[in-house]
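I opened this notebook to go through one structure step by step, writing down what I looked up and what I found.

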Amino acid sequence: MINNGSNVEFLNKKIFEFEDLLSGAHDGHIYKFVLEAIEKPLIEDILRKTNGNQMKAAKILGINRNTMRSKIKKLGIDARKWKIL
């Protein structure tokens, strides 16, 4: 669960690592850079854990299923990859 103190601490540490990595190279674009770096692998991981079930994945992420589908399309993710036939 994301509210777990150690998980939040871990995420905070990673955010600071991103800031150090960027060190001014992307001034004004850090937010966008971090989102792009994290969003696709996060969605893919949740889809893997839900066997490609987009509704379950959206619920876990706390987003609307239409938003999930839009992000999948925008990020070029093949959600069928994790479906169990």
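Entry 1, the chain as a whole. I note at the outset that this is a predicted model. I looked up the secondary structure and found four helices and zero strands in the protein chain, so that the pattern read along the sequence is α-α-α-α. I then checked burial, and of the 85 residues of the protein chain 21% count as buried. For the contacts with a separation of 6 or more, I found that residues 24 or more positions apart account for 43% of them.

Entry 2, H2 against H4. I describe a pair of packed helices by the angle between their axes and the distance between the axes. For H2 (residues 30-49) and H4 (residues 65-75), the axes come within 11 Å and cross at roughly 120 degrees. That angle makes H2 oblique to H4, and I recorded the crossing of H2 past H4 as left-handed. Which residues meet here? From H2 I listed Glu39, Lys40, Ile43 and Leu47, and from H4 Met68, Lys71, Ile72, Lys74 and Leu75. Sorted by class, the residues of this contact of H2 with H4 are five nonpolar, no polar and four charged.

Is Glu39 buried or exposed? Its relative accessible area is 17%, and because buried means under 20%, Glu39 is buried. Leaving aside residues up to four places away in sequence, I found that Glu39 touches Lys71, Lys74 and Leu75. With Lys71 the link is also a polar one, since a polar contact of 2.6 Å joins the side chains of Glu39 and Lys71.

The contact is made by Gln54, Met55, Ala57, Ala58 and Leu61 on the H3 side, and by Arg65, Met68, Arg69 and Ile72 on the H4 side. By class I have six nonpolar, one polar and two charged residues in the contact of H3 with H4.

Beyond residues up to four places away in sequence, Thr50 touches Lys56, Ala57 and Ile60. Asn51 has its place in the loop between H2 and helix H3 (54-61) as well, but Asn51 is partly exposed, with a relative accessible area of 39%. What did I find for the phi of Asn51? It is positive, about 55 degrees, although Asn51 is not a glycine. I marked this for a second look because most residues other than glycine have a negative phi.

Ile84 is exposed, with a relative accessible area of 64%. I also noted how Ile84 stands to Asn53: the two are 31 residues apart in sequence, and their C-alpha atoms are 9.6 Å apart in space.

Note on methods:
Residues numbered from 1 in each chain as written. Predicted model: local features only at pLDDT ≥ 70, side-chain atom pairs only at ≥ 80, totals over all residues. Heavy atoms only, no water. Buried < 20%, exposed > 50% of the residue type's maximum accessible area, 1.4 Å probe, protein only. Polar contact = N/O pair within 3.5 Å; in protein donor to acceptor, adjacent residues only side chain to side chain. Contact = heavy atoms within 4.5 Å. Axes fitted to C-alpha atoms, helices over the stretch in contact; angles between N-to-C directions. Parallel < 35°, antiparallel > 145°, perpendicular 65-115°, else oblique. Left-handed = near helix turned anticlockwise from the far one by under 90°. Nonpolar A, V, L, I, M, F, W, Y, C, P; charged D, E, K, R; others polar.
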